Amino acid sequence: MTETLQDEAREAPTLPLHMRRDGFDPVPDMAAMRDDEGVREVDTAFGMPAFLVARHADVKAVLADSTRFSNESRRAFDAPGSPELSDEERERMRAGNLLGVDPPEHTRLRRMLTPEFTVRRMRRLEPRIIEIVDDHLDAMEKAGAPADLVADFALPIPSLVICELLGVPYADRAEFQERTSKLLDISLPMDERMDLGRESREFMADLVARAQAEPGEDMLGMLVREHGGGNDGDLTTDELIGIAGLLLIAGHETTSNMLGLGTLALLKHPDQHALVRDDPAAVAPAVEELLRFLGIVHSGIPRTTTEDVEVGGVAIPADSLVILALAAANRDPRVVPDGDRLDITRDAAGHVAFGHGVHHCLGAPLARMEMRIAFPALLRRFPGLKLAVPFEEVGFRAFHFIYGLQSLPVTW
Amino acid sequence: MKIEADRDVCIGAGMCVMNAEEVFDQGDDGIVVVLEAEVPPEHAEAAARAVAGCPSGALRRIDD
């Protein structure tokens with residue numbers, strides 16, 4: 001509860017339209033903007049034109065075109081209040097960040113990682129993920145109700161999975177979980193988040209140095225063995241640090257928020273809750289529908305136009321920021337009938353919760369597997385699972401780059 | 001129905017394997033391998049879903 005008080009005491013910046021929510025839903029203004037204009041010029045803190053794109057078809061078209069819509073950030077676009085960085089530091093912080101580079105550099109990095117995330121490779125991880133889920137359910141059962149589903153289940157499971165996969169000591173989790181969570185909290189001052197980014201880099205640099213000295217069987221060890229040999233085109237140490245940092249953040253912040261919010265959504269819809277619990281065939285489509293309905297990544301990385309373009313009939317000049325309203329696009333009535341309703345029996349496969357185009361989530365097969373295992377296991381272990389507080393008291397993380405819950409008190 | 005895959009465009013997201021594992025696989029490099037270029041009718045619907053769902057646009061469907 002102290003966290004809520006702190007959040008209120010803090011002078012909160014205005015939340016951009018695409019991040020404003022009413023519980024699970026994008027606010028009515030966001031939905032209206034998608035249904036009427038579709039593309040709107042918006043204010044940002046960055047001092048250059050920015051356009052919010054909300055229709056499903058337009059969002060997909062932008063994401064599919066990495067030539068005219070670049071992921072590379074431009075120096076001129078630094079937000080006011082961001083500290084001056086030397087070219088050297090800027091280059092170091094950019095290295096290995098797949099979300100901040102375009103093809104062909106992006107292709108070079110991504111191709112080194114794709115073998116680690118194949119569907120077949122994920123199936124090999126399945127028994128270990130089942131074991132991790134069961135261990136956490138055992139601990140909850142032993143401790144007895146009530147429990148905080150975020151702290152006891154939703155956060156630690158994806159965290160442990162990505163730690164083992166990557167080769168990060170799980171003992172360090174409290175440290176990196178807190179840091180990551182703050183890094184993605186846009187209500188914190190920019191200089192504080194920059195410092196956290198530096199700390200995070202130092203933490204990953206230590207791990208990379210260890211992997212270079214003695215490469216293990218984990219993903220860091222593999223990257224060092226196969227791509228860290230100092231040959232032409234191999235990964236530099238800075239790139240290894242960047243890749244490892246990105247995978248650690250992406251691996252636990254996202255799935256964990258899906259598990260927390262997804263459980264809350266199912267608890268609010270008892271008939272669908274029962275279906276996920278009792279019908280194994282309902283699980284995979286339910287996961288897709290929860291991904292669509294919750295749209296936890298509000299917008300992903302803003303793109304920058306490399307030339308004058310037109311999106312949804314609106315002219316956008318070169319060097320503009322383009323922000324993609326993913327959560328609103330996932331409920332676009334042009335592609336999803338009655339999209340504000342959660343319906344785990346629908347075909348939700350066209351959603352853009354994992355993005356689209358060359359930056360489509362690398363870890364999507366892992367995230368899907370974790371959710372397909374964790375949701376039914378939780379609901380079967382505690383068939384009477386329910387909220388331990390009124391729904392109105394559940395705290396959503398409004399200022400976070402990835403939507404989620406502060407905590408989820410449950411009983412059974 | 002025939003399927004063509006551009007292995008240079010593929011990003012290894014694995015969506016095609018998820019949608020139609022009888023028609024698609026991934027090589028050790030994670031990049032798409034088409035198992036059945038001439039898609040049997042019973043897998044046509046799944047293959048069409050895979051083409052529509054491919055995030056990188058690496059798959060192409062050629063109707064007879």
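Start with chain A as a whole, where residues 24 or more positions apart account for 74% of the contacts with a separation of 6 or more, a contact being two residues whose C-beta atoms, placed from the backbone, lie within 7 Å. This is a predicted model, in which local features need pLDDT of at least 70 and side-chain atom pairs count only at pLDDT 80 or more, while totals for chains, interfaces and linings use all residues. Residues are numbered from 1 along each chain as its sequence is written, and chains are lettered from A and ligands numbered from 1 in the order in which they are written.

With chain A still selected, colour by secondary structure to see its 16 helices and 12 strands, which are DSSP runs numbered from the N terminus (helices H or I, at least four residues; strands E, at least two). The radius of gyration of chain A, taken over C-alpha atoms, is 21 Å, close to the 22 Å that the globule rule gives for 412 residues, so the chain is as compact as a globular protein of that length; the rule is 2.2 Å times the number of residues to the power 0.38. Of these 412 residues, 43% count as buried, meaning that 20 or more other C-beta atoms lie within 10 Å of the residue's own, whereas 12 or fewer make a residue exposed and counts in between make it partly exposed.

Next, select helix α9 of chain A, residues 173-183, whose buried residues are Phe176(A), Thr180(A), Ser181(A) and Leu183(A). Seen down the axis of α9(A), these fall within an arc of 160 degrees, so they line one face of the helix; the arc is that of the directions from the helix axis to the C-beta atoms. Turn to the other side of α9(A) and Ala174(A), Glu175(A) and Glu178(A) are exposed.

Move on to the open sheet of chain A, in which 5 strands with mixed pairing follow the order β3-β4-β10-β7-β5; two strands pair if DSSP finds at least two bridges between them. Its edge strands, β3 (39-42) and β5 (69-70) of chain A, each pair on one side only. Zoom in on β3(A) and β4(A) (residues 50-53), which run antiparallel and are joined by 4 bridges, with Val39(A) opposite Val53(A).

Finally, select both chains at their contact, which takes 16 residues from chain B and 15 residues from chain A. On the chain B side, α1 (15-19) and α2 (44-53) are the elements that give two or more residues.
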